[in-house]
Amino acid sequence: MAKILVVGSINIDSVYHVPHIVQPGETLHSTSVATYFGGKGANQAVTAGQLGAEVYFVGAVGEDTNGALAIDNLERKNVKTVFVKQQGITGQAIIQVAQDGENAIILVPGANHSITPEQLDNVCDCVESADILLLQLEIPMPTIEKAVALATKSGTRIILNPAPARPLTDEVLQRVSVLTPNETELALLTGFSITSEESLKQACQQLLHKGVAAVVVTLGSNGSFYMTSETSGYISAQAVEVVDTTGAGDAFNGALAVALGDHKPLQEAITYATKIAGYAVTQQGAQPLIK
């Protein structure tokens with residue numbers, strides 16, 4: 001069984017269903033609204049937990065009803081919350097979901113921005129014994145940098161999902177085992193405009209030159225593209241009836257962590273993660289039920 005440590009965000013998502021993503025100056029009527037559990041860190045942890053991994057979570061929720069509900073949700077989905085603190089208000093996400101399944105998201109960080117490097121002082125043993133450290137970018141960068149340093153010291157593999165898109169230092173990149181951007185995030189990290197297969201490969205090569213061991217670019221319904229110093233290629237995605245793409249990338253990363261934590265080869269792990277992400281988009285919400 002893979003042991004995965006997730007350091008990341010926990011949110012409550014308010015999802016508004018709209019004909020299309022609202023444009024500047026436009027007012028739209030939502031056809032329905034629903035509340036779900038979210039946060040990129042929590043989404044990825046819940047995926048890994050549902051797939052049978054031993055998952056520990058480092059994060060923060062508010063001292064409010066939403067915080068208590070969020071912790072209970074993680075525990076029920078096989079995620080251990082001993083390292084989750086309660087402070088302030090629980091993070092929130094306001095999500096528009098269009099009829100074609102595309103989404104747009106506004107984040108209210110709340111307690112997620114109270115996650116400090118010092119909070120990791122009590123998890124050093126967990127980092128050392130973990131197969132995978134799984135990170136995203138919805139929490140303060142100093143905390144991410146310390147987590148990366150601890151994992152590097154202990155020899156723990158690091159999967160970093162650079163979302164939402166933010167610049168990363170070369171010091172962080174050179175320690176990453178697997179970087180999992182989408183095309184937008186890849187463009188921000190490298191300065192390349194990803195308009196062709198050639199520019200996609202050039203951007204990935206730049207990241208490899210900075211020290212990233214493997215780059216896996218998620219391409220939505222087109223699957224993904226991966227590159228290491230030795231090999232590269234595309235992994236296709238099976239066509240599915242899309243209901244909500246909100247949690248697709250998070251399902252992919254959670255499943256990838258499980259497969260790599262179980263010592264599957266990279267290509268096999270990506271194929272598995274692509275399958276799980278495809279299943280996720282057939283359901284509503286960022287934390288779909290994975291059977």
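Predicted model: local features only at pLDDT ≥ 70, side-chain atom pairs only at ≥ 80, totals over all residues.
Local features need pLDDT of at least 70 and side-chain atom pairs pLDDT 80 or more, while totals for chains, interfaces and linings use all residues. Residues are numbered from 1 along each chain as its sequence is written, and side-chain values use heavy atoms, without hydrogens and water.

**Exercise 1.** Check the span of helix α9 and find its cover.

Solution. Helices are DSSP runs of H or I, at least four residues, and strands are E runs of at least two, numbered from the N terminus. Helix α9 covers residues 266–280, which is 15 residues. The expected span is 1.5 Å times one less than the number of residues, so α9 should span 21 Å. Its end C-alpha atoms are 21 Å apart, which agrees. Next, burial (under 20% relative accessible area, 1.4 Å probe, protein chains only). Buried residues of α9 include Leu266, Ile270 and Ile276. Their cover (contact: heavy atoms within 4.5 Å) includes α1 (40–50) and α8 (248–261).

**Exercise 2.** Which residues touch the most other members of the largest nonpolar core?

Solution. A nonpolar core joins buried Ala, Val, Leu, Ile, Met, Phe, Trp, Tyr and Cys residues through side-chain atoms within 4.5 Å. The largest has 44 residues; Leu5, Leu135 and Leu179 touch the most other members. Helix α4 (residues 141–154) gives the most, with six residues. A second, separate core of 41 residues includes Phe57 and Leu266.

Notes. Buried < 20%, exposed > 50% of the residue type's maximum accessible area, 1.4 Å probe, protein only.
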